[in-house]
Amino acid sequence: MSVLEIRNVTKSFSTTTAVDSFNLTVGDGELVCLLGPSGSGKSTLLRMIGGFETPTSGLISIDGEDVTRVPPEKRPTGMVFQSHALWTHMNVFKNLAFGLKLRRLPEAEIRRKVEAVLELVGLGGYGHRATNQLSGGQQQRVALARSLVLEPKILLLDEPFASLDQHLRERLREEVRDIQQRLKITTLFVTHGQDEALALADRIVVMRDGRTEQAARPDVVYREPATPFVAGFIGTMNLVEGAVANGTFKHSGFTVPVPAGDGPATLAVRPEALEIASADGAGMARIHRVTDYGTHAIVDIELPDGTRLKSMTGEARDWSHGQPIDLKPRAFAAYRDNAAIHRSN
Amino acid sequence: MARMLTERRIDWTGIFFAAVLTLVIVFPLIVVGTWAFTNVWRYPSVIPQEFGLKFWNQTLARADVWSSITMSLSLATMVTFLSALICLPAAYAFARLDFPGRNILFFSFLAGHAFPKFGLLVAIAGIFLSLNLIGTFWGVVLIQLVGTLLFMIWIPVAAFQSVDRRMEEAARDVGASPLRVFWSITLPQAGPTIAAAILLSFVGTFYETEGAWLIGAPQIRTLPVLMISFINNQPVIQYGAVLSVLLWIPSFIALLFARRVISSGSFARGFGA
Amino acid sequence: MTTTTAVANDIVGTKRGRWPVGLLLVAAPVFLVGWMIIWPIISAIGRTVWLPNEGGERSFSLETYAFFFSDQYSLNNLWLTLWTTGVCALILILICLPISLYLRFAKGRLAAYVQGLAIFPMFVPSIILSYAIIRVLGPNGTVDLLLNSVGLPKIRSPYLTPWGPVIGLVWDNIPLTVLILLSGLGAVSNQSIEAARDVGAGRWALLWHIILPRISNSVLVAVSFTVLGIFSSFTLPYVLGPAAPEMMGPFMQRTFRDVNDPTMAITQAVIAFGFCIVFGLFYVRSVAKNRAA
């Protein structure tokens, strides 16, 4: 059964349309990542679900109930803000207890619930601390706990780890995933980091200009991007503009068999799927630079017209600057008019 | 290469300023303080012949001192109360709501500072004359109330604006009504700065001399006004000294509590720096 | 499918749709500004140029202004006010600029002490200050005591001379001048100074070419603020200054209360407005610019 349903939601500000006829259905216990560059409307969408913005048109329902014009305090959603927005004049316990007090729960139960949730986020015994005595990661955990303690139907996370360093971010997102799975809580997670989305989500919704580009499982989004935009946004991708003629894609000496009708096309191939082979004679391209990362090497390739491509190989020592090579894409996709016309596998 | 001034040197400039400012700023006040606790100090002795609290008893026994203390306190309390009552909601509106003419109305509070103050007081007094407000308690309240407007609007506006919107949204999110958010989140967050503004306006009103003198005298006699008449007409030096020490108490409290707000940059920016 | 349409409405934000509430909340203080500041100024100008004639009818006349500018005593008072204001502004800048420069670049406890002292007069009401100045610099004051004890002659006391108010007003205005200048100096980055040193600028070149141009606006704001405050100051000149000529503040007060000639007092006020209008406008403009940013 779907917990959240967004139908045809549009949000216009005076000059721009942030979210444009958006549709999404989220199932019970699902963790959906809204992924997109800044300005793609993902945060606005989340704020509409939380009740902080009202859609210009469209319908949002939670558990089958229309909440489109319900104010945030009456919605069964819990929001974790990027800036964590802890109330600095209250200690950790009071931050968590505030919502429970508003619900007039007995003192003992408030205490029990708060302590249980603090334990859950790994901050057992931190109740008496002032919020400014906590590290960035701990503050974000308190913000998460503050939402969780009210047992919301839907947890909304608005780039919660954006202000943390890489290391901490990775650890926290694993914790969030664990907690989410344990509580089976329906979660929407806004991020502009593809790693985060790939690591966390049951489903990724890639957004661009207020619309959905693709909504699918992470591995599908990664392996079978629906559009060149998704292809370019998730992971590293070589995107080559060219044309298909007689079943062959061609761009400046680089040719790949693409069984599709004649016309312009964009070829997308991941560095790890772009094999290179030493060429006799001129070859398709030349090696521009080799960067050794130890576990693997990235080879920068230059086509005759100057276009650069990347290839990932196991061994750096086999290659050197200026060496003529041939390109053999193992897996690739071709796009025309923003849709895939061919996938190699 | 940039020369670094990290080596430890004797800060002669600092010592010079410290010495001169101590002499010029602290010394006169010490002299006044000394006079207040002096029973006998006749020329040309460098130190008083006799210390004591004799004149405290005499000053505090005077009816005019007590009546002006009461007058000053009730004026300052009334003005601060009214000012907070009308300015704090207005400050919240300026900080958080949108309405036509918001900016021009906000800057209109500067008008009082664009003119020489005493000239403005005389112009207001001209109007009060026809309203029969001269020499009345409420006339002085009104004129002092106007003097507090700029501070009591601008400082709280900055305080409200600096409260993170997300904090308020987070409170809405956990189920607080807008009114509850204001009471439990916005006000406590902006509280210390607003308290400082209220304290400053109380102290400022307590010491306000010119409006009280022009509008209130002779019926309304505040402590500073009484002090002027002591300076002009009172041959006993110690009365003035004791009154000075008494007068300085509110300032001392303000010094303790409002210092951080004043030395912060936002305060000076309020003056256009 | 149902499609609900509504005006964009931010729940917690600064948005339309609630402006009557906003106007209602600011109504009281805005009314006070209109009634007690804007209206008195307009009315002051009106009352002094539309004078009642013998029949009681009001007609346009510049009589009171003509009187002011032909009356030697009034002119002396105006001149004294201009002199005091100018001298105070000059002395204030000469004293406060070095202090602010020192505070901008110095660190540590001594600097904190100097800053504390420079701001301290803000917490001393001018009436206590007047009293203190009389006790220290007045006849047989502390300075006289000290000079006498080492066998030197008494000073010529500034009390009840034009220098009395000057000393008091400078003392009183040090804190805000220092704060305004310091805030201006805060905008001069350490890097720009180090860069100038790097190309070989000495102390004076640094001050003249790098620092002063950057803080010239703050200096002007400080001067405007001082001029507005001193031009019509009352308490200090009233207590410390000479009886005649007197500064505009006491002069207005005396004309209003003792001579009981409100029209003439208001004329003097309008003249004071006229002399300060440039500084007032500049001051308001820079504050507004600062707040808008």
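Let's start with the domains: chain B splits into domain 1 (12–51) and domain 2 (62–269), with bounds that come from an automatic or database domain assignment. Keep in mind that this is a predicted model, where local features need pLDDT of at least 70, side-chain atom pairs count only at pLDDT 80 or more, and totals for chains, interfaces and linings use all residues. Residues are numbered from 1 along each chain as its sequence is written, while chains are lettered from A and ligands numbered from 1 in the order in which they are written.

So where do the two domains meet? Their centres, taken over C-alpha atoms, are 32 Å apart in chain B. Five residues of domain 1 are in contact with six residues of domain 2; contact here puts the C-beta atoms, placed from the backbone, within 7 Å. On the domain 1 side, helix α1 (residues 12–36) of chain B gives the most, with four residues. That side has three nonpolar residues, two polar and no charged. Here Ala, Val, Leu, Ile, Met, Phe, Trp, Tyr, Cys and Pro count as nonpolar, Asp, Glu, Lys and Arg as charged, and the others, Gly among them, as polar.

Now the whole chain. Chain B has 12 helices and two strands, which are DSSP runs numbered from the N terminus: H or I of at least four residues for helices, E of at least two for strands. The radius of gyration of chain B is 23 Å, well over the 19 Å that the globule rule gives for 273 residues, so the chain is more spread out than a compact globule. That radius is taken over C-alpha atoms, and the rule is 2.2 Å times the number of residues to the power 0.38.
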